[in-house]
Amino acid sequence: MCQLRDAATATAMEHRKILDILRHGHADETVIVQGWIRTKRELKNFSFVEVNDGSALANLQVVIARELPDYPDLLKQLNTGASVEVKGTLVDSPAKGQRLELQAEEIHLYGGVDSETYPLQKKRHSFEFLRSIAHLRSRTNTLGAVFRVRNSAANAVHQFFQERGFLWIHTPILTSSDCEGAGELFSVTQFDLANVPKTEDQDVDYRQDFFGKPAYLTVSGQLEAEVMALALRDVYTFGPTFRAENSNTSRHLAEFWMIEPEMAFCDLNQDMDLAEDFLKFIVNAVLNTCPEDLEFFNKRIDSTVLSRADGIITSNFERLTYSEAIAKLQQANKAFEFPVEWGMDLQSEHERYLTEELIGKPVIVYDYPIGIKAFYMRANDDGNTVAAMDVLAPQIGEIIGGSQREERLDLLQQRLHASGLDEQDYWWYLDLRRYGTVPHAGFGLGFERLVQLITGMTNIRDVIPFPRSPMNIDF
């Protein structure tokens, strides 16, 4: 019997995920599924509804026979977006492209939908429109696939480091320092902004604020990770970071997630080795756990998704010094928007040319000019470069940035002064060089860029559930 039940009569029977049914289900098996209706199609003697529960890209087709009781009332309420529980029997499907379908015996409607106002219809919606309904966009095929890949990649991050004996460190979100020295930080205060205390010189009197000094949302957990690495040897962070960069490009977010390993007794070559192994591991893990999703991206978003993933996994990354990279760019028969000269920071067009056109696989560029890199990067013996490296990947450009850290106290103090930073603000960081200093290195990877690399999504706001950017914090 097929019947429409209200919430008061809902049962608490165990249900199966649709992914499990599609992979392991068999005909004549009785199952219960719960999910949201994607489409409805009415024929003369029966109707079809496609149900998706987020566990898989594919829907499960449910067959509802017309002769069953309550059929007319039932069909009126089973609209796209409605949430249901369906009990029935799996049968072999005669339709092409699906192995099984579910013959409904009992349907419980959890939440109905007004089909006239529901914004997700059976048509393609622009990503820009979907960002305006971020509370519903994860129900679409593309965004659902993105977030399954994101989950798989996040799980693989922990698996990679934990299998290698790294400790996961929870570094602070609130900080008093600017790790990069870029000055693009969100301020945190307890002040009433309509009545901010002032000093005699009419400056903000931070002595009366919660921490007694200026405080910010962190742009990186690296400096704190160094503290922990110089006691625990191999550590990593994986958490949210923030940058108050007033940019509306497809490459920037105000809130994003960073992965930052830090290793004691480690030099730049070992750092590059780990970065290459890490990228290969994550991409391979997602290929194994989300094959249908990556095939979808390869078909609908970017036809190079699968070949790019294979190239990352199977190739040995090319390694070039910065000087070698500049020479190759200068020799290129290509008109770049940004002229190429030694001492400049590589732009995205340069990075992508190296990895996509010139070399055809991921590239690691290392030994950058000292003047364009952060104060904490170790000075090389030539006096002109630092032991820094960037991993460049096709379609993305820079995907990982790292360095060997400056472990020598006097040289670190010189770099701080040259960068215009106050040594007193970093007294504890300098102490690490006073007490038991060792060579150490690490790198940073923006998690959203990693998800972009794997999925082929072009806008970074479409690979995080709730993007934060200028004038955008509604969800």
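Student: In this predicted model, which residue of β17 stands opposite Q404?

Tutor: Q404 stands opposite A441 in β17.

Student: Which strand is joined to β16 by 6 bridges?

Tutor: Strand β15 (residues 385-393) is joined to β16 by 6 bridges, and the two run antiparallel. Within this pairing, M389 stands opposite G402 of β16. β15 and β16 form a hairpin with 3 residues between them, and Q395 in the turn has a positive phi of about 75°.

Student: Is strand β16 (residues 397-404) mostly covered or mostly uncovered?

Tutor: β16 is mostly covered, since 6 of its 8 residues are buried.

Student: Why is T437 called partly exposed?

Tutor: Buried means under 20% relative accessible area and exposed means over 50%, with partly exposed in between. T437 has 33% relative accessibility, so T437 counts as partly exposed. T437 is found in the loop between α12 (427-434) and β17.

Student: What makes the approach of the T437 side chain to E407 a polar contact?

Tutor: The side chain of T437 reaches the backbone oxygen of E407 at 2.9 Å, and the limit for such a contact is 3.5 Å. Leaving aside neighbours within four places in sequence, T437 is in contact with E407 and L432.

Student: Why is T39 called buried?

Tutor: T39 has a relative accessible area of 18%, and buried means under 20%, so T39 is buried. T39 belongs to strand β2 (residues 30-42). Leaving aside neighbours within four places in sequence, the contacts of T39 include F48, V49 and K122.

Student: How do you know that the length of helix α6 (residues 268-289) agrees with expectation?

Tutor: At 1.5 Å a residue, the 22 residues of α6 should span 32 Å, and the end C-alpha atoms are 32 Å apart, which agrees. At the N-terminal end, D267 caps α6: a side-chain oxygen lies 3.2 Å from the backbone nitrogen of N269.

Student: How many aromatic pairs does the structure hold?

Tutor: The structure holds 21 aromatic pairs.

Student: Why is the pair of F278 and F443 called tilted?

Tutor: Planes under 30 degrees apart count as stacked, over 60 as edge-to-face and the rest as tilted. The planes of F278 and F443 stand at 55°, with ring centres 6.1 Å apart, so the pair is tilted. F278 lies in helix α6 and F443 in strand β17, so the pair ties together parts that are 165 residues apart in sequence. F278 and F443 are both buried.

Student: What makes the pair of Y322 and W342 edge-to-face?

Tutor: The planes of Y322 and W342 stand at 85°, and edge-to-face applies over 60 degrees, so the pair is edge-to-face. Y322 is buried, with a relative accessible area of 0%, whereas W342, at 41% relative accessibility, counts as partly exposed.

Student: How do you know that the charged end of K373 is placed over the ring of Y368?

Tutor: One requirement is that the charge be within 6 Å of the ring centre. The charged end of K373 sits over the ring of Y368, 4.3 Å from its centre. R433 likewise lies over the face of Y429, at 4.1 Å from the ring centre.

How values were computed: Residues numbered from 1 in each chain as written. Predicted model: local features only at pLDDT ≥ 70, side-chain atom pairs only at ≥ 80, totals over all residues. Heavy atoms only, no water. Helix = DSSP H or I, 4+ residues; strand = E, 2+ residues; numbered from the N terminus. Expected span 1.5 Å × (residues − 1). Polar contact = N/O pair within 3.5 Å; in protein donor to acceptor, adjacent residues only side chain to side chain. Buried < 20%, exposed > 50% of the residue type's maximum accessible area, 1.4 Å probe, protein only. Pairing = 2+ DSSP bridges. Contact = heavy atoms within 4.5 Å. Phe/Tyr/Trp six-rings, centres within 6.5 Å; stacked < 30°, edge-to-face > 60°. Lys NZ or Arg CZ within 6 Å of the ring centre and 35° of its normal.
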